[in-house]
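I opened this entry to look up the ligand surroundings, the domains and the annotated active site. My notes follow in the order I checked things.

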Amino acid sequence: MALQETGPSLAVVGVTGAVGQEFLSVLSDRDFPYRSIKMLASKRSAGQNISFQDKNYVVEELTADSFNGVDIALFSAGGSISKEFGPLAVERGSIVVDNSSAFRMDDGVPLVIPEVNPDAMKGIKVGNGKGALIANPNCSTIICLMAATPLHRHSKVLRMVVSTYQAASGAGAAAMRELEQQTHEVLAGKEPTCDIFQRQYAFNLFSHNSSVLPNGYNEEEMKLVKETRKIWNDPNIKVTATCIRVPVMRAHAESVNFQFETPLDEETARDILKNAPGVVVIDDRASNNFPTPLEVSNKDDVAVGRIRRDLSQDGNYGLDIFVCGDQIRKGAALNAVQIAELLL
Ligand SMILES: NC(=O)c1ccc[n+]([C@@H]2O[C@H](COP(=O)([O-])OP(=O)(O)OC[C@H]3O[C@@H](n4cnc5c(N)ncnc54)[C@H](OP(=O)(O)O)[C@@H]3O)[C@@H](O)[C@H]2O)c1
């Protein structure tokens, strides 16, 4: 039982959402110690009951006072809520682990994947008596870098080309419900309800729904570019991305092409990935069995396959891989809870 007097006091902001619900399940699965936990959401959900580890909790409306006495606040209620309430929580001495993009690129805010750059949050601990903000990277960035970092440590990535196949869950619980509803409607020959993406999603795919910027990239693609530079602490790393929304419920897939500074052959790459924490290799050419979103759904590890030399580059300087990861879990809630574990 993770409820214990010596544990930190927690708050989950956005507890009724897709990521919020996953926070609860990851905290439970990992036996995260806590002495109390506050369930916070909007006025709409205030009063709702949530059962967690055999206890009943009532969802409270988020206000500035919600953070009095809170050691760790896990935020997943959208960027504007993080911007408004994150600094207030820090002022009250809470350590905020934020899932939104509100602070990711701010100087002085660590952007952390525990398997990749835990040192970025060195010195931030519960019990220091000081509040702090730590940002959780974008889900596509986390899933990509879980596989790319062990290779980068061996042969230094000079350039990375990422193409994503992103699930409905990345757009929240309402998008997941709409994908299911549209699928029923289309199969029944009805017009699909298009409230979330304003277009048919079931039996279709389309460019990621984030805003398209003046340079032609959308915001999701630029997150992969900028966050990789920050996490790897390398402003010169060349990254380009194309992000696509596909009608898959909850795990993202990504094709990643690398150009390395020093050679890295296929076999060495496979061995490195087999030994990487949080990564499993599914790479069976004989039976054409490679990672799928379904297979990684509700799992902690990111799966990598299709590991092959890039024929278009000379020698062993280029490599292609295919990565799948549960983006609500490692892409959001699990990564944030792992960050929280480093605070203890
Ligand atoms: N989905 C993902 O995989 C993913 C991954 C990484 C990061 N994120 C980020 O996490 C955040 C939430 O994503 P989600 O997918 O969980 O969305 P979601 O399913 O739509 O849930 C949104 C949550 O935010 C709460 N909320 C909305 N307005 C609020 C307000 N004014 N005050 C307090 N709480 C409020 C909602 O509470 P009510 O139920 O009361 O409305 C709900 O609990 C976003 O910033 C998103 O970018 C999501």
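**Ligand shell**

I sorted the shell around the ligand by residue type and got 12 nonpolar, 16 polar and 1 charged. For this sorting, Ala, Val, Leu, Ile, Met, Phe, Trp, Tyr, Cys and Pro count as nonpolar, Asp, Glu, Lys and Arg as charged, and the others, Gly among them, as polar. The model is predicted: local features need pLDDT of at least 70, side-chain atom pairs count only at pLDDT 80 or more, and totals for chains, interfaces and linings use all residues. Residues are numbered from 1 along each chain as its sequence is written.

Which residues come nearest to the ligand? Of the 29 around it, they are Gly14, Gly17, Ser45, Ala77 and Gly172. A residue is near if its C-beta atom, placed from the backbone, lies within 6 Å of the molecule. I then went through the helices, which are DSSP runs of H or I with at least four residues, numbered from the N terminus; strands are runs of E with at least two. H1 (18–29), H2 (79–91), H4 (173–187) and H8 (329–342) each supply at least two shell residues. H1 gives the largest share, 3 residues.

**Domains**

I looked up the domain assignment: domain 1 is 9–137 + 332–343, and domain 2 is 140–326. Such bounds come from an automatic or database assignment. The C-alpha centres of the two domains lie 26 Å apart. I found 13 residues of domain 1 in contact with 17 of domain 2; contact means C-beta atoms, placed from the backbone, within 7 Å. Why does the ligand shell lie between the domains? Both domains give residues to the shell, so it lies between them.

**Active site**

The unreviewed UniProt entry annotates Cys139 and His252 as "active site". Such annotations may be inferred rather than shown by experiment. The two are spread over 114 residues of sequence, yet their largest C-alpha distance is 8.4 Å.

Cys139 lies in helix H3. Is Cys139 buried or exposed? Cys139 is buried, because 28 other C-beta atoms lie within 10 Å. The cut-offs are 20 or more for buried, 12 or fewer for exposed, and partly exposed in between, with C-beta atoms placed from the backbone. Beyond four places in sequence, Cys139 is in contact with Gly170, His252, Gln327, Gly331 and Ala332.

His252 is found in strand E12 (251–260). His252 is buried too, with 30 other C-beta atoms within 10 Å. Leaving aside neighbours within four places, its contacts include Cys139, Ser140, Thr164 and Gly325.

How values were computed:
Two residues are in contact if their C-beta atoms, placed from the backbone, lie within 7 Å.
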